[in-house]
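Please read these points with the model open beside you. Check each one by eye as you go.

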Amino acid sequence: MNRNPQLNAHGELQHLITLEGLSREILQGILDTAEPFAEVAEREVKKVPLLRGKSVFNLFFENSTRTRTTFEIAAKRLSADVINLNINTSSASKGESLLDTVDNLAAMQADMFVVRHASSGAPYLIAQHLAATGRSHIHVVNAGDGRHAHPTQGLLDMYTIRHYKKDFTRLTVAVVGDVLHSRVARSQIHALRTLGVPEIRVIAPRTLLPTGVADMGVRVFQDMKEGLKGVDVVMMLRLQNERMQGALLPSPQEYFKYYGLTPDKLRLAKPDAIVMHPGPMNRGIEIDSAVADGSHSVILPQVTFGIAVRMAVMSMLAGG
Amino acid sequence: MPTLPDATALCAQLAAAMRPQITPQTALVGIHTGGAWIAEWLHRELGVKQPLGSIDVAFYRDDYNQRGLHKGAKASNIPFDVEGAHIVIVDDVLYTGRTIRAALNELFDYGRPARVDLAVLVDRGGRELPVAATWCPQALALPASQTLVLERDGEALSFRITEK
């Protein structure tokens, strides 16, 4: 594999594992390509023939209804055959190794693996294994790995911001909440930086901040009211209860009081600020229903844009 | 080197040939980008009643598996009801016929038109599919090594020949 294992010899995307290290040109190319795919969703026949005859395997070692469904819809709208595997209820529970699973599916003529895994690095391991065994024509898309990355979520977030705010280079963007456990936050921050957002703020209690977060080129705030002042975009994160080990937080009620996005706190942002959330939302913990369902919220458009962005990624990988 | 076709004169000839067959049900669909420019001009010149459509066939091209997704794909825009419509596909140059095949496939995903015609400025031969233009003011044989490109400067259209 070459220096950036996601790119082929011509510098084109071969896999999508992480947004880290991808150029502004590549990120913008994906966002530009997603625009005409968004139009396809407006048609009566919401389908184009690009991936006809190709097999896309959704390999979900960790549950996720929304991400799996939007990947499935995206692949189907590209005319691919889609096979969904929930591995925690299948061979892995019988002891089969990750790479044995991959080898078996590759033997079934897979063209693409969409991988969700609780361990950081699992999609990269698969891509590396495919390359080492002469099967680099099979593409890997990371649908979220451990605390590492969730690149298509990061891209759909960037698409959403561009849709509403047009120009990245004048924005102040706040990422709020459980940054410590969030692969989404990492992908967002890498993409925001690459696309030229001048001020990225991270708002979280000290216990939910990863060490070295300031080295990612962000301004860190522990006071949410201070951090939200004058921002254009508020990107909320889900409080990841299932990943909490030990007493990182006093109580959900207390978290809501200090870090829940309420109408009062949102008033500190710019009047035309947009509110985003990758879902699933914990209403009353990280976000107030009045905000989630309010006029600033673009949470449901994010889901719709996610399909177009995933169609763009899959069609850019699978062609040629 | 053959004489370059005069795009402005050809547009006028094309409009004159099409005029008798334009009805209130006729809709124009220009293929990105050259065909869309010509369709825009024809739409004005012929006073076409149906809103102007445009199509980018990137998602329907037959060379996707060889060459990948065409860069810079634009959204298609079909702002009228395709079902039962009389549609004129407009392109600058008719060559292998593959672009027209892709455009027809895409159009049929919007509905079943009553009739589809094809209007182009130049037919350069070299067909690889059974496709013919309804209206075409000029035929011009060109070697496969050359590409005939339509360019737009302000409102003015002109042709240029490039070597591959």
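1. Ground rules. This is a predicted model, in which local features need pLDDT of at least 70, side-chain atom pairs count only at pLDDT 80 or more, and totals for chains, interfaces and linings use all residues. Residues are numbered from 1 along each chain as its sequence is written, while chains are lettered from A and ligands numbered from 1 in the order in which they are written.

2. Domains of chain A. The domain assignment gives domain 1 (24-149 + 304-318) and domain 2 (151-300). Such bounds come from an automatic or database assignment. The C-alpha centres of domain 1 and domain 2 of chain A lie 26 Å apart.

3. Where the domains meet. In chain A, 21 residues of domain 1 are in contact with 19 residues of domain 2 (contact: C-beta atoms, placed from the backbone, within 7 Å). On the domain 1 side, H1, strand E4 (139-145) and H11 of chain A each give two or more residues. H11(A) gives the most, with 6 residues. Helices (H or I, at least four residues) and strands (E, at least two) are DSSP runs, numbered from the N terminus. This side of domain 1 divides into 10 nonpolar, 6 polar and 5 charged residues. Here Ala, Val, Leu, Ile, Met, Phe, Trp, Tyr, Cys and Pro count as nonpolar, Asp, Glu, Lys and Arg as charged, and the others, Gly among them, as polar.

4. A helix pair. Helix H2 (residues 65-77) and helix H11 (residues 299-318) of chain A pack at about 55 degrees, with their axes 8 Å apart. Axes are lines fitted to C-alpha atoms, for helices over the stretch in contact, and angles run from 0 to 180 degrees between N-to-C directions. That angle makes H2(A) oblique to H11(A) (under 35 degrees is roughly parallel, over 145 roughly antiparallel, 65 to 115 roughly perpendicular, the rest oblique). Among the residues that meet are Phe71(A) and Ile73(A) in H2(A), and Ile307(A) and Met311(A) in H11(A). The contact has 8 nonpolar, 2 polar and 3 charged residues.

5. Chain A against chain B. Here 14 residues of chain A are in contact with 16 residues of chain B. On the chain A side, helix H1 (24-40) and H11 give two or more residues. H1(A) gives the most, with 4 residues.

6. Chain B. Its secondary structure comes to 4 helices and 7 strands. Read along the sequence, chain B follows the pattern α-β-α-β-α-β-α-β-β-β-β. Its C-alpha trace spans about 45 × 40 × 30 Å along the principal axes.

Methods:
Contact = placed C-beta atoms within 7 Å.
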